[in-house]
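Me: I would like to go through some labels and ask what each one rests on. Please set each value against its cut-off.

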Amino acid sequence: MSNTPPDRLSINPRSRYFDEAVLERGIGVRFKGIERTNVEEYCISEGWVRLPVGKSLDRHGNAMTLKTSGEVEVWFLDQEQ
């Protein structure tokens, strides 16, 4: 496995960007200079993250999310910065 995190990753198993091996390794996300632990999905090249909105659920039982744009930094947790 490479030492570069994927450009786009999701924690939802139904997403085509879901990668269990990468998630098991551990990913750290910094959005707009603040480390976030509640990111549902991110895209480095497009500069956005999806964050949950409270405890609201959609009709499929998934957390409601808000897509927010800004600077995204990602790293593997086993190689702390």
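Predicted model: local features only at pLDDT ≥ 70, side-chain atom pairs only at ≥ 80, totals over all residues.

Me: Why is Glu41 called buried?

Reply: Buried means under 20% relative accessible area, exposed over 50%, and partly exposed in between (1.4 Å probe, protein chains only). Glu41 has 11% relative accessibility, so Glu41 counts as buried.

Me: What makes the contact of Arg8 and Glu41 a salt bridge?

Reply: The term requires a side-chain nitrogen of Lys or Arg within 4 Å of a carboxyl oxygen of Asp or Glu. For Arg8 and Glu41 the N to O distance is 3.1 Å, so the pair meets the criterion. Strands here are DSSP runs of at least two residues, numbered from the N terminus.

Me: Which class does Arg8 fall into, buried, partly exposed or exposed?

Reply: Arg8 has a relative accessibility of 25%, so Arg8 is partly exposed.

Me: What links Arg8, Glu41 and Arg50?

Reply: A network of salt bridges links them. The side chains of Glu41 and Arg50 meet at 3.8 Å, N to O, and Arg50 is partly exposed at 26% relative accessible area.

Me: How do you know that Arg30 and Glu35 form a salt bridge?

Reply: Their closest N and O atoms are 3.5 Å apart. Arg30 is buried, because its relative accessibility is 18%; Glu35 has 55% and is therefore exposed. The search of the whole structure finds 4 salt bridges.

Me: What makes E2 and E7 paired strands?

Reply: Two strands pair if DSSP finds at least two bridges between them. Strand E2 (residues 27-31) is joined to E7 by 5 bridges, so the two strands count as paired. They run antiparallel, and Gly28 has Trp75 in E7 as its bridge partner.

Me: Why are E3 and E7 called edge strands?

Reply: The 3 strands form an open antiparallel sheet in the order E3-E2-E7. Strand E3 (34-36) and strand E7 (72-76) each pair on one side only.

Terms used. Residues numbered from 1 in each chain as written. Heavy atoms only, no water. Helix = DSSP H or I, 4+ residues; strand = E, 2+ residues; numbered from the N terminus.
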